[in-house]
Amino acid sequence: MRNILFSGNVKVFDGILTCMLSIFMRTKSKEPYRFYIFTMDVSHLGEDYIPVSDKQISYLDKIAKTYNTQNEVIKIDVTDLYMEEFSGCPNEGAYCSPYTLLRLFADKIPQIPDKLLYLDADIMFNRPPELLYDIDVEEYEYAAARDHYGKFFLNHNYINAGVLLFNMEKVKRTGLLEKARNLIKTKKLIFADQDAVYRSTTSKKMLPQRYNDQKFLHKHTIVRHFSKRLFYLPYPHTANIKQWDVSAIHRIFKYDQFDDILFEYIYLKKNFERRFISED
């Protein structure tokens, strides 16, 4: 069983669906996947800050099982943990959302296994996911690639926390996530969770950029991470183009490598809306 962790609110459905499809449609392995989704209700902070719905989980689980009957999608509500640990902390108004902090609870959830791949929802696999998942991290807390911009402006080995292959047994032994949570609670950080993980690390395995490419898509790219990036033309500006914005993926990036996945996503999303949203 390969174990994947996502986190987010009700609006990460499109990202999780597209990322899951990229795993199923690019893998060469028959080994099943278990997807954990950390979510919470902090609607007092924002009207969209509500949990991934049970209908969304049920639909994702049904889709997962069409590829392998042993696949499963598990929702874990960490609202109580968040309120206990991070409510009112200096990083609650982080640059993204409080949901970016939820990965830091992985060591506090008993059913989380020893090997765990955390993925941001704005990720697509271009090549078989086992090329990443099967990397040996026995001697490390985690494996990660460099942050595309941070490696120039912060530190050459500053990591991007959107793709983290955890050795949870070692993480618990060194207290990596506990130290990161303490930083979140006591010190305002520019990049919140990412800074906290980076500063708390004892041992990490650095991966080539192809394991988390935040700007380009090459033939050898394993993970394309659709994070916010800088564009120089027609004038310097940033844009946050996600993989589920299919029109922008074609118009701006000129990508067709994900067409099979995105066409399936469009069909499944419309099916979900017909079956579930029309009932509300």
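**Ground rules**

I am working with a predicted model, in which local features need pLDDT of at least 70 and side-chain atom pairs count only at pLDDT 80 or more, while totals for chains, interfaces and linings use all residues. I number residues from 1 along each chain as its sequence is written, and the side-chain values use heavy atoms, with hydrogens and water left out.

**Entry 1**

I began with α1, which has 14 residues and reaches 20 Å from its first C-alpha to its last, close to the 20 Å expected at 1.5 Å a residue. The helices here (H or I, at least four residues) and the strands (E, at least two) are DSSP runs, numbered from the N terminus, and the expected span of a helix is 1.5 Å times one less than its number of residues. I noted that α1 is mostly covered, since 13 of its 14 residues are buried; buried means under 20% relative accessible area, exposed means over 50%, and partly exposed lies in between (1.4 Å probe, protein chains only).

I then turned to helix α2 (residues 54-67), which also has 14 residues and reaches 21 Å from its first C-alpha to its last, close to the 20 Å expected. Its buried residues are Gln 56, Ile 57, Tyr 59, Leu 60, Asp 61, Ile 63 and Ala 64, and they pack against α1, β2, β3 and α10.

How do the axes of α1 and α2 cross? They come within 11 Å and cross at roughly 10°, which makes α1 roughly parallel to α2. For such entries, axes are lines fitted to C-alpha atoms, for helices over the stretch in contact, and angles run from 0 to 180 degrees between N-to-C directions. Angles under 35 degrees count as roughly parallel, over 145 as roughly antiparallel, 65 to 115 as roughly perpendicular and the rest as oblique. Among the α1 residues that meet α2 I found Phe 13, Leu 17 and Phe 24, and among their counterparts in α2 are Tyr 59, Leu 60 and Tyr 67; contact means heavy atoms within 4.5 Å.

**Entry 2: helices α7 and α8**

Next I looked up helix α7 (residues 176-186) and helix α8 (residues 192-200), which pack at an angle of about 130°, with their axes 8 Å apart. The two are therefore oblique to each other. On the α7 side I noted Leu 176, Lys 179, Ala 180, Leu 183 and Ile 184, which meet Ala 192, Asp 193, Ala 196, Val 197, Arg 199 and Ser 200 in α8.

**Entry 3: salt bridges**

How many salt bridges does a search of the whole structure find? It finds 17, where a salt bridge is a side-chain nitrogen of Lys or Arg within 4 Å of a carboxyl oxygen of Asp or Glu.

One of them joins Asp 260 and Arg 26, with the closest N and O atoms 2.9 Å apart. This pair links distant parts of the chain, for Asp 260 is in helix α10 (residues 259-275) and Arg 26 in helix α1 (residues 13-26), 234 residues apart. Asp 260 counts as partly exposed at 35% relative accessibility, whereas Arg 26 counts as buried at 16%.

I also looked up Arg 34 and Glu 72, whose closest N and O atoms are 2.7 Å apart. Here Arg 34 is in strand β2 (residues 33-39) and Glu 72 in strand β3 (residues 72-77), 38 residues apart. Glu 72 is partly exposed, with a relative accessible area of 24%.

The side chains of Lys 108 and Glu 85 meet at 3.8 Å, N to O. Lys 108 lies in the loop between α3 (79-85) and β4 (115-119) and Glu 85 in helix α3, so the pair ties together parts that are 23 residues apart in sequence. Lys 108 is partly exposed at 36%, while Glu 85 is buried at 11%. I noted finally that Glu 85, Asp 107, Lys 108, Arg 181 and Lys 185 are linked in a network of salt bridges.

**Entry 4: two single residues**

Is Val 223 buried or exposed? At 0% relative accessibility, Val 223 counts as buried, and I found it in strand β9 (residues 223-225). Not counting residues up to four places away in sequence, Val 223 touches several residues, including Ile 123, Phe 125, Val 163 and Tyr 211.

Ile 266, in helix α10, counts as partly exposed at 30% relative accessibility.
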